[in-house]
Amino acid sequence: MTPAAWRPDDDELAALEAEHGARVAALDPLVAVPALGATAGDERLLAVRLPDGSRAAGLLGVGDVGPGSAAAGFRALREHRLRARAAGPDVGGAVRARVAAWTARVARDPGSAPAGDGLPERGPAPRDHGLALLWPSRDVEAVGALAASGLRPTVHLAARRGAPPARPRTDLPGVVLTDAGPDDVAAVVEHQRAELAYDELVGAARVRPLAAEHLAAQVAAAVEHPRTTVLVARRQGPGERTGEVVGVVAVEPPERSGAVAGTVTTGPVAYLVLLHVTGSARGTGVGGALVDAALARVHEQAGPGAVVVLHHGVLNPLSAPFWARQGFRPALTTWEQPVDALSAPRRSLSP
């Protein structure tokens, strides 16, 4: 079907939002759908309609962060964003037409690329100048359209509801779980840097040299905060009081979980910031034990109805199976594309 540009009035926008919200609620009741906040005369509004009545509309935006900021570790320095809604008998077609209109507009006027930090691209996510769209993970009809449009899924926001295991795993020979203290800050920072470096390869992070100082400050503040859970797994021999930190988990309480609290329909919401285990300790149960202990702490503090959310790389071969075993499942997925790719010719798959 050939799509057409659409200028919906306020009633048509309201009907679209209502239909989109009802459809998402049926697919995944946990995913929150905030109001789009658009009006018919908004210049940022871009909408399309198919002949069968399927339609999609969304707000365009552009956001910048500096290469030395903490946010630069998880997004492009300049990001063209789309907040979209879709409805009708052919949601996939409407989404694809909407993305085509968006990418065509950005291709016509991409603006100047940010200076960046001079490091080359690593992994599939745009480092300096990109497009980003967040969409419910269970909306497979739209997922197919997004993939066909050239966008790449990079990060899942995954969520876990329900009580933690009744008996957290603690039987780890030679490994002791303890709260992190000031003397552990350097080790926790190194674990987080290692996690970021691995995630960069699969498009879930960007390693920024200028952000190292922010990372150290954030870890020190988390360790000091009385309601932030930062646990370390320490390898100790008989009679030893200290030992190598082979694993780390960190969870922010609901009052420090920021914008992620608005991504789900229930709460309170805690945010699991970090889980990393050294290669030598993987497969030994250390990661699962850290998660069990952290979940127990969250539910002790926030109550049995607490929801824990986290971000993990879609293409990370370690994250997806591990977090599924811990009871987490994708709720929202970030889709990205480098702006440079908009002008690159598509390669044919035919021989």
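Colleague: What makes the T154 and E336 side chains a polar contact?

Modeller: In this predicted model, the two side chains come to 2.7 Å of each other. The cut-off for a pair of N or O atoms is 3.5 Å, so 2.7 Å qualifies as a polar contact.

Colleague: Why is T154 called buried?

Modeller: Its relative accessible area is 1%, and buried means under 20%, so T154 is buried. T154 is found in strand β6, residues 152–160. Leaving aside residues up to four places away in sequence, T154 touches A125, G203, A204, H312, G313, V314, T334 and E336.

Colleague: E336 turns up again there. What makes E336 and R206 a salt bridge?

Modeller: Their closest N and O atoms are 2.9 Å apart. The limit is 4 Å, so the pair counts as a salt bridge. E336 sits in strand β12 (residues 329–338), while R206 is in the loop between α4 and α5 (212–224), so the bridge ties together parts that are 130 residues apart in sequence. Both E336 and R206 are buried.

Colleague: Which parts does the bridge between D184 and R234 tie together?

Modeller: D184 and R234 have their closest N and O atoms 3.1 Å apart, and that is within 4 Å, so they form a salt bridge too. D184 lies in the loop between β7 (175–179) and α4 (185–201), and R234 lies in strand β8 (residues 229–235), so parts 50 residues apart in sequence are joined. D184 and R234 are both buried.

Colleague: And D64 with R78: how do you know where each one stands, buried or partly exposed?

Modeller: Those side chains meet in a salt bridge at 2.9 Å, N to O. D64 belongs to strand β3 (residues 55–64) and R78 to strand β4 (residues 78–87), 14 residues apart. R78 has a relative accessible area of 19%, and the line for buried is under 20%, so R78 is buried. D64 has 48%, which falls between 20% and 50%, so D64 is partly exposed.

Colleague: How many salt bridges does the structure hold?

Modeller: There are 21. D117, R122, R127, D128, E200 and R208 are linked in a network of them.

Colleague: Now the nonpolar side. Which residues have the most contacts inside the largest nonpolar core?

Modeller: V249, L272, L275, V286 and W323, in a core of 26 residues. Helix α6 (286–302) is among the elements that each supply at least two residues, and α6 gives the most, with 7 residues. A second, separate core of 24 residues includes A56, L82, A94 and V95.

Colleague: How do you know that α2 has close to its expected span?

Modeller: Helix α2 (residues 91–108) has 18 residues and reaches 26 Å from its first C-alpha to its last.

Colleague: What makes the overall size fit a compact globule?

Modeller: For 351 residues, a compact globule would have a radius of gyration near 20 Å; the chain has 22 Å, which agrees. The chain has 7 helices and 12 strands, and 48% of its residues are buried. Among contacts between residues at least 6 apart in sequence, 75% join residues at least 24 apart.

How values were computed. Residues are numbered from 1 along each chain as its sequence is written. This is a predicted model: local features need pLDDT of at least 70, side-chain atom pairs count only at pLDDT 80 or more; totals for chains, interfaces and linings use all residues. Side-chain values use heavy atoms; hydrogens and water are left out. Helices (H or I, at least four residues) and strands (E, at least two) are DSSP runs, numbered from the N terminus. Buried means under 20% relative accessible area, exposed over 50%, partly exposed in between (1.4 Å probe, protein chains only). A polar contact is a pair of N or O atoms within 3.5 Å; within protein, one must be able to donate a hydrogen and the other to accept it, and residues adjacent in sequence count only if both atoms are side-chain atoms. Contact means heavy atoms within 4.5 Å. A nonpolar core is a set of buried Ala, Val, Leu, Ile, Met, Phe, Trp, Tyr and Cys residues joined through side-chain atoms within 4.5 Å. The expected span of a helix is 1.5 Å times one less than its number of residues. The radius of gyration is taken over C-alpha atoms; the globule rule is 2.2 Å times the number of residues to the power 0.38.
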